[in-house]
Amino acid sequence: MRTLAVGHTPDLDDAFMFYALAEGKVSLDGLRIAHLIEDIQTLNQRALQGELHVTAISAASYPLIAKDYWILGVGSSVGQNYGPLVVATQPCSPQELARKRIAVPGLHTTAFLLLRLAVGEAIPVEMRFERIPEAVLAGEVDAGLLIHERQLTYRDQGLLPILDLGMWWYQQTRLPIPLGLNVVKQSLGKPLATQVAKALRDSILFAMSHQEEALNSSMRFGRGIDLSRARQFVSMYVNEETLSLSRPSCAALRELYRRSHKAGLIPHVPRLTIIEPPKS
C-alpha cells in the first residue's frame, strides 16, 4: 500500500479539519496516510525541500514552491476582516512599529509578509509563536506578532493591540486574507490530487457535522485555552472558505502576491492552479 506523507500543524483549526482523516473515519482508497504534525514554519521549510506529498503551508510561502505544488481548493484558513495581530505592552501607533524589534512566528509566514507590507522596515526576531507574548512582556522585543489562538488570549496577559493585519488588509483591498493553504505535490498527478482534495473535504465535513466530537479531540492541541475560546477560534478559520476558496479569496491571493512582488518581497507572482474535489 502506498503511503502519502501529509503534513499539518497541531493548531486547533488544522486538528479539527484533519480529525476524521487522522482517526480513520475518512480514508483514501488504496493509500496509507502518514501524518506529520509540525509547526507552520517547519512545514514551510519542508515544503521548500519538497519533502511532503500534501501539506499545510503559509500562503506567503507558495511563490517559493509553486513549481512543485498545486493549491488544494479545500482546507484554507481565511481571515474575514481579522488576522494576525501586533501587540505590545505600551500604546503606540502602527507607524511607530517601523524599525522596532518585533517577535515574529517565522520569516515565511503570511503574518510576517503582511507585517512587511503594512509597516516596512520592522526588525524581525524569529521565535516559536507560543513564546511571543512572554517575550513581549519580558521586554526582549518591542512588540510581538501573534497568530493562532494567541490572537484570543493576549488581553489575559495584559498586552495591548497595536495593529490587526487582517483588518489592515481589508481596509486596503476590501478582500479577505488567505493566511494558510493546503498544497499537493504535482508529481502525484491531477487524478490523485483530486482524490486528496475530496478526502480532505470529507474530513472537514465530518468534523463540521460531528463538531463536539472533533472539537473535544482537537482540544488536546489547544495549549491552555478553554472550550469556549476553542470553539470561537475554530469557527473563525474553519468555515465556507475552508470547503472551497471563493472568488474573492482567490482574488486576494493574487493581490497579495502582486503587492508583495511589487514591494520586492517575493521573487515572482505564481500561477495559481487550484485542485478542487469532484462535485458530488
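A search of the whole structure finds 3 aromatic pairs, where rings of Phe, Tyr and Trp (its six-membered ring) pair if their centres lie within 6.5 Å, and where planes under 30 degrees apart count as stacked, over 60 as edge-to-face and the rest as tilted. The structure is a predicted model, in which local features need pLDDT of at least 70 and side-chain atom pairs count only at pLDDT 80 or more, while totals for chains, interfaces and linings use all residues. Residues are numbered from 1 along each chain as its sequence is written, and side-chain values use heavy atoms, with hydrogens and water left out.

**First stop: Tyr19 and Phe206**

Select Tyr19 and Phe206, whose ring centres are 6.3 Å apart with planes at 35°, so the pair is tilted. Because Tyr19 belongs to helix α2 (residues 19–22) and Phe206 to helix α9 (residues 190–209), the pair ties together parts that are 187 residues apart in sequence; helices here are DSSP runs (H or I, at least four residues), as are strands (E, at least two), numbered from the N terminus. Tyr19 is buried, with a relative accessible area of 8%, and Phe206 is buried as well, at 19%, where buried means under 20% relative accessible area, exposed over 50% and partly exposed in between (1.4 Å probe, protein chains only).

**Next: Tyr82 and Tyr237**

Move on to Tyr82 and Tyr237, with ring centres 5.7 Å apart and planes at 80°, so this pair is edge-to-face. Tyr82 sits in the loop between β5 (77–79) and β6 (85–88), and Tyr237 in helix α11 (residues 227–237), 155 residues apart. Tyr237 is buried, with a relative accessible area of 2%.

**Then: Trp70 and Ala66**

At Trp70, look for Lys190, which lies over the face of the ring at 5.5 Å from its centre (NZ of Lys or CZ of Arg within 6 Å of the ring centre and within 35 degrees of the ring normal). Ala66, in the loop between α4 (62–65) and β4, counts as buried at 15% relative accessibility. Leaving aside neighbours within four places in sequence, Ala66 is in contact (heavy atoms within 4.5 Å) with Gln186 and Pro270. The C-alpha atoms of Ala66 and Val183 are separated by 9.3 Å, although these residues are 117 apart along the chain.

**Last: colour by confidence**

The protein has a mean pLDDT (the predictor's confidence in each residue, from 0 to 100) of 92, with 98% of its residues at 70 or more. Confidence is lowest in helix α7 (residues 150–153), at a mean of 77, and highest in strand β4 (residues 69–72), at 98.
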